[in-house]
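Please consult the sequence and the model alongside the text.

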Amino acid sequence: MTLEVAPEPAIAFERTSLRLPDGRALIADLDLAVAPGETLVLLGQSGCGKSTTLRLINRLLEPTDGLVRVQGRPTREWDPIALRRRIGYVIQEAGLFPHRTVAENVGLVPRLERWEPARIAARVSELLALVGLPHDQFADRYPHQLSGGQRQRIGIARALAADAPILLLDEPFSALDPLTRRELQRELKALNARLGKTIVFVTHDVREAFYLADRIALLRAGKLVLWGDRAAFETSEDAEVKAFLEVLREEAA
């Protein structure tokens, strides 16, 4: 009988803490792993440490204790630029460069990686089609000429441009109207069913978490309260978990 060996996590937090000089912990003793191809949603109220946790992955922040591994390697051992080019990063309002066209924004990382111009152009065209924004209509526009939902699509396309295996999304849809937000949630889920990226997605919206996540990590005051699938969340006795579920019930009423 052959035993199956579990794949090495794409991302792992090992007793990870981030403390301020005064000793206050933004993240405390976090043990957490994300499997390759998994979508993990970091859920919690504002100030609980979700975005801080995300920024530890791409080394925008450094842990003060413990470590974070990306593809088996501690982030401290990665060159920060090389690490970030292997990780797509999407934030609210997409963070596009306003003075660059859509095509220039999407092709940014491939240009930094010194791809041939023809290869960049082909990749930009492919990605614009993938996110539902045809090249001939959108490539030469500037961010201010796009709607909020279109800017977020461009942000996702840019994050995918160099075929990064990991995507980090920090509340990317929170500023959008409910219909556009739901549409982009569906598109992101369908897109990753095709691409199989490892995704860490930050939100304070439990409905969004349930829709997108393979597993949910609920944070409170920098500590991990729960880490599991929807069934684990729905059967938890934790008071904060119950409060999130009550929000769902109230919205459904």
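Rings of Phe, Tyr and Trp (its six-membered ring) pair if their centres lie within 6.5 Å; planes under 30 degrees apart count as stacked, over 60 as edge-to-face and the rest as tilted. By that criterion, the structure holds two aromatic pairs. This is a predicted model, in which local features need pLDDT of at least 70, side-chain atom pairs count only at pLDDT 80 or more, and totals for chains, interfaces and linings use all residues. Residues are numbered from 1 along each chain as its sequence is written, and side-chain values use heavy atoms, with hydrogens and water left out.

**Aromatic pairs**

- The ring centres of Phe173 and Phe201 are 5.8 Å apart and their planes lie at 55 degrees, so this pair is tilted.
- Phe173 lies in the loop between β7 (166-170) and α8 (178-195) and Phe201 in strand β8 (residues 198-203), so the pair ties together parts 28 residues apart in sequence; helices (H or I, at least four residues) and strands (E, at least two) are DSSP runs, numbered from the N terminus.
- Both Phe173 and Phe201 are buried (under 20% relative accessible area, 1.4 Å probe, protein chains only).
- Phe210 and Phe233 form an edge-to-face pair, at 5.3 Å centre to centre with 90 degrees between the planes.
- Phe210 belongs to helix α9 (residues 206-212) and Phe233 to helix α10 (residues 230-235), so the pair ties together parts 23 residues apart in sequence.

**Charges over rings**

- The charged end of Arg119 sits over the ring of Trp115, 3.6 Å from its centre; the criterion is NZ of Lys or CZ of Arg within 6 Å of the ring centre and within 35 degrees of the ring normal.
- Arg182 lies over the face of Tyr211, 4.0 Å from the ring centre.

**Helix α7**

- In α7, 13 of the 13 residues are buried, so the helix is largely enclosed by the rest of the structure.

Key:
Buried means under 20% relative accessible area, exposed over 50%, partly exposed in between (1.4 Å probe, protein chains only).
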